[in-house]
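Here is a short note for a colleague who is opening this structure for the first time. Please keep the model in view while reading.

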Amino acid sequence: MRAVRLEGWQSEPVLRDVPRPEPGPGEVLVKVDAAGLCHSDVHMIEAPPGLFGVDVPFTLGHETAGTVAELGPGATGVTEGQPVLVYSRWGCGACWQCVQGRENVCERSIRELGGYGGGIGRDGGLADYVLVPSARYLVAIDGLDPVAAAPLSDAALTPYHALQRSPQQLRPNGVAVVIGIGGIGHMAVQLLRALSEVRVVAVDMRDEALALARDAGAHAMVPAAGLTARALREEVGRLGATIVLDCVASDATLRLAAGVVRPGGDIVYVGRGGGSLGVRPGEVPTECSVYVPTWGTIAELAEVVALARAGAIGSEVQRLSLDETLDGYRALQRGEIVGRAVAVP
């Protein structure tokens, strides 16, 4: 089968022919129908050795939708031919975090399992087939387009998980700022509208991204070029934002987030742009929380799928063939992808 492999750090991935995996005890083989390309992949491609704590080579792709192709001995809970979404944060299932349902922060995934999950240390979904270690990592998507569903597993799940941590900031008189309207940002805008009555202000450099934010339901769209926190507050309001989701997370955007959030508000470091934010009085408002979400839980992914089924959220996608994946990553690096690029094997 074909697979898009990361074979070395700070080098482009390559499309290889590799053996089709065979499911062992408890495992499930999924025929891939669609797999999203994420900025996290780009950060791995550009990363120096040791930064992610996993070894190469492995197959990229952590947003995967497909069809159950084969069950390993003892595997239950799904049936062959069933359309599914892959939850790609694979934990041990036994540590304290996992037994709380928080496999996204498994304490043993790196040390003992060799990677965070499919597409990050272990073979992911940018291939004709993906081997999933357990049926518990599969969420049924009957009735959904797999191409539109694939980004739900990260681009929607990550901001959904973040918003579950900040219910007090989603009060009816709240204001949310979303910085960076890409794959995650355009889902964040939709989720904010679906889950709350807050005013949503979208910020991006690109006119087409701001148009996407408008279509996603943002109340106001602010061009990022030359934007200062003072100017952004003119749109947000004198008190500032109750929550800022920084889907870029560069030094500049994090300074903007700190400058526009109100005392007692939340800054959510969603992007992986490598920026840093000093946390001290005068640099962030008093009583302000800063946190870095990672993925979400399996239960939350099921909730995200339910929102998609209800028509409350949907993915803006650009379809690629598997052969076009490398060009897709280059376009993603140049900021040319609006919404999510999704490869269809």
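1. Basis. This is a predicted model, in which local features need pLDDT of at least 70, side-chain atom pairs count only at pLDDT 80 or more, and totals for chains, interfaces and linings use all residues. Residues are numbered from 1 along each chain as its sequence is written, and side-chain values use heavy atoms, with hydrogens and water left out.

2. Helix α9. Start with α9, residues 298–309. Helices here are DSSP runs of H or I with at least four residues, strands are runs of E with at least two, and both are numbered from the N terminus. α9 has 12 residues and reaches 17 Å from its first C-alpha to its last. The expected value is 16 Å at 1.5 Å a residue, and the span is close to that. The expected span is 1.5 Å times one less than the number of residues.

3. The buried side of α9. Which residues of α9 are buried? They are Glu300, Leu301, Val304, Val305, Leu307 and Ala308. They cover an arc of only 155 degrees around the axis, which puts them on the same side of α9. The arc is that of the directions from the helix axis to the C-beta atoms. Buried means under 20% relative accessible area, exposed means over 50%, and partly exposed is in between (1.4 Å probe, protein chains only). The cover over these buried residues includes β6 (83–86), β10 (138–140), α4 (157–164) and α5 (183–195). After α9 comes Gly311, with a positive phi near 80 degrees.

4. α4 against α9. The two axes come within 10 Å and cross at roughly 110 degrees. α4 and α9 are therefore roughly perpendicular to each other. From α4, the contact uses Leu157, Tyr160, His161 and Gln164. From α9, it uses Glu300, Leu301, Glu303, Val304 and Leu307. By class, the contact of α4 with α9 has 5 nonpolar, 2 polar and 2 charged residues. Contact means heavy atoms within 4.5 Å. Axes are lines fitted to C-alpha atoms, for helices over the stretch in contact, and angles run from 0 to 180 degrees between N-to-C directions. Angles under 35 degrees count as roughly parallel, over 145 as roughly antiparallel, 65 to 115 as roughly perpendicular and the rest as oblique. Ala, Val, Leu, Ile, Met, Phe, Trp, Tyr, Cys and Pro count as nonpolar, Asp, Glu, Lys and Arg as charged, and the others, Gly among them, as polar.

5. α1 against α10. Helix α1 (residues 39–46) and helix α10 (residues 325–333) have axes that come within 10 Å and cross at roughly 95 degrees. α1 and α10 are therefore roughly perpendicular to each other. His39, Asp41, Val42, Ile45 and Glu46 of α1 meet Tyr329, Leu332 and Gln333 of α10. This contact of α1 with α10 has 4 nonpolar, 2 polar and 2 charged residues.

6. Thr64. Is Thr64 buried or exposed? At 1% relative accessibility, Thr64 counts as buried. Thr64 sits in strand β5 (residues 64–71). Leaving out residues up to four places away in sequence, Thr64 touches residues including Val32, Val84, Gly125, Val130 and Ser153.

7. Backbone details. The peptide bond from Val56 to Pro57 is cis, with omega near 5 degrees. Pro57 is in the loop between α1 and β4 (58–59). Gln10 is not a glycine, yet its phi is positive, near 55 degrees. Gln10 counts as exposed at 53% relative accessibility. Glu287 is likewise not a glycine and has a positive phi of about 60 degrees. Glu287 is exposed, with a relative accessible area of 72%.
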